[in-house]
Amino acid sequence: MNAVLIALLALPLLGAALTLAPVFGPDRAVADRRALRLNTVVTGAVLLLGIALAAGFDHDEPARMQATTDLSWIPALHVRFHLGVDGISLPLIVLTALLTFLCALYSEKRLPDGENVPSAQAFVGLFLLLEVGMLATFAVLDLLLFFLAFEIVLIPMYFLIARWGSGAKVPAANRFILYTLLGSAVMLLGFLLIGGKAGTFDMQALATAHGSGLSHTTQVIAALAILVGLAVKAPAWPLHSWLPDAHTAAPTVGSVLLAGVLLKMGTYGLVRVLLPVVPDGATTLAPYLGAFAAVGIVYGSLACLALSRPGAKGDLKRLIAYSSVGHMGFVLLGIASLTPVGVNGALFANIAHGLITGLLFFVVGALKDRYGTADLDTLSGTTGAALYGRAPRLGVLLAFAAVASLGLPGLAGFWGELLAMFGAFDPADGLSRPAFVTYMVLAGLGTLLTAAYLLIVVRRVCMGDPEQPAPVAELADLRPYEAVSWTPLAALTLLAGLWPALLLGLSDPAVKHLLGGG
């Protein structure tokens, strides 16, 4: 299985390198089709490898690191080429492989428009390089390799926004790269401090040591640096301000991957690095993380509520971006509780958010393509956009994703938020229970506000009078390539909601192992 994991990373890297070779022909239209087909084939093969990795995974021992490769890479710095997966990283690898394949499939029929781009080869090369970085982040077990993988994703995403985006795309891309690069630099300082004091950057060895050999002061300083760096990517309030602009300007597939995968890299790092490697530092900073998470939940919901009001000229993509701030607040609250229940809820909410928000951005992107805008006032008109009457399948999918996002029981969005609040209700020893119960109450208020703004969006976009004048003469309903790209996300949202043990059975033993010093 270690060969499967290596191939999972090597295949998109080779595909990205192939886009630099003159093998697609001189005719631009033909070259574009071949490049986009290569994208679909490579990401499809990566998805099959991800499924093979999941099928070969020993589900009886999800806490044990499997499919490992451990080789000396830079002996002078004690850096190792160390790969592996466990019950925490496996679902994220499969989610990443799935979303990139669905985005590639969608792009084959609906390539984002770009300015001054010679061909689709540039798009495909950046897309596959982005996949390498995302997959590697969840597979590497060395702090410096983790930092390298973390950085690989930044440049491709920057160009996807700046060259294939819309509106104020260049300022949005600049803000994205500035925030994330500064956050990564701070995170690297924390990694170097840990590696210098512990004598190794190996994440598995550091997790086993569970902070032994690192003084309390060292742990707190390192934890603060790592927390700030990862909180930018999460994104945690108040370090979130790059996200709405990036989502508003990004092309549809860029928004799907940004929300579905890139945000998870930050929260995954907190679970993989912060909790087991510097446990004393994590305990010291957990109350502050919980407070910021609770504020982020309420803030994100209030921002969405303001954008959803008639006359607010709220952009639907921007609204979903702010909703991500609130949803990722639940993830951070679960992590801050330092309990197996809370951390399991955070990991479940990670996957659920990737599925649901990926579907939301696909549907809203399709609406923007049809209407030429994602402005909610323009879409809804005076009585509503009446999607149920004009494009019923699109309307049903939007409503399904919205009720899943608000946490309707039986769908994936419910379990992660519930478990995160349970974790806050009874936090780990050494944490103030009254403070965390207060955070839980604020999170509960956030769920009510989330239901309010999402139901307003469904009413304004899906309901209304289909006979009223519409912004476009004809509104096409769900197209075949859209159905193929989106149906897996809807099906998995339902499956995870009805069978939460599918994910919790993998993560729970691994979380207990990490929190217990393994």
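The lining of the largest pocket consists of 16 nonpolar residues, 1 polar residue and no charged ones. The model is predicted, and the pocket volume comes to about 500 Å³. A second topic is the packing of helix α12 (residues 279-308) with helix α13 (residues 316-336).

**Largest pocket**

- Its lining is made up of 17 residues.
- Pro-91, Val-94, Leu-492, Leu-502 and Leu-503 are the lining residues that lie nearest the pocket centre.
- Two or more lining residues come from each of α2 (28-56), α3 (90-109), α14 (340-371), α20 (480-498) and α21 (501-515).
- Helix α3 gives the largest share of the lining, with 5 residues.

**Packing of α12 and α13**

- Two packed helices are described by the angle between their axes and the distance between the axes.
- For α12 and α13 the angle is about 160°, and the axes are 7 Å apart.
- Because angles over 145 degrees count as roughly antiparallel, α12 is roughly antiparallel to α13.
- The crossing of α12 past α13 is left-handed.

**Residues in the helix contact**

- On the α12 side, the contact residues include Ala-286, Leu-289, Gly-290, Ala-293, Gly-296, Ile-297 and Gly-300, and also Tyr-299, Cys-304 and Ser-308.
- On the α13 side, they include Arg-318, Leu-319, Tyr-322, Ser-323, Val-325, Gly-326, Gly-329 and Phe-330, and also Leu-333 and Ala-336.
- By class, the contact of α12 with α13 has 16 nonpolar, 7 polar and 1 charged residues.

Terms used. Residues numbered from 1 in each chain as written. Predicted model: local features only at pLDDT ≥ 70, side-chain atom pairs only at ≥ 80, totals over all residues. Heavy atoms only, no water. 1 Å grid on protein atoms, 1.4 Å probe; cavity = no way out; pocket = protein on both sides within 12 Å on 5 of 7 lines; lining within 4 Å. Points joined across faces, edges and corners; volume = space filled by probe spheres on them. Helix = DSSP H or I, 4+ residues; strand = E, 2+ residues; numbered from the N terminus. Nonpolar A, V, L, I, M, F, W, Y, C, P; charged D, E, K, R; others polar. Axes fitted to C-alpha atoms, helices over the stretch in contact; angles between N-to-C directions. Parallel < 35°, antiparallel > 145°, perpendicular 65-115°, else oblique. Left-handed = near helix turned anticlockwise from the far one by under 90°. Contact = heavy atoms within 4.5 Å.
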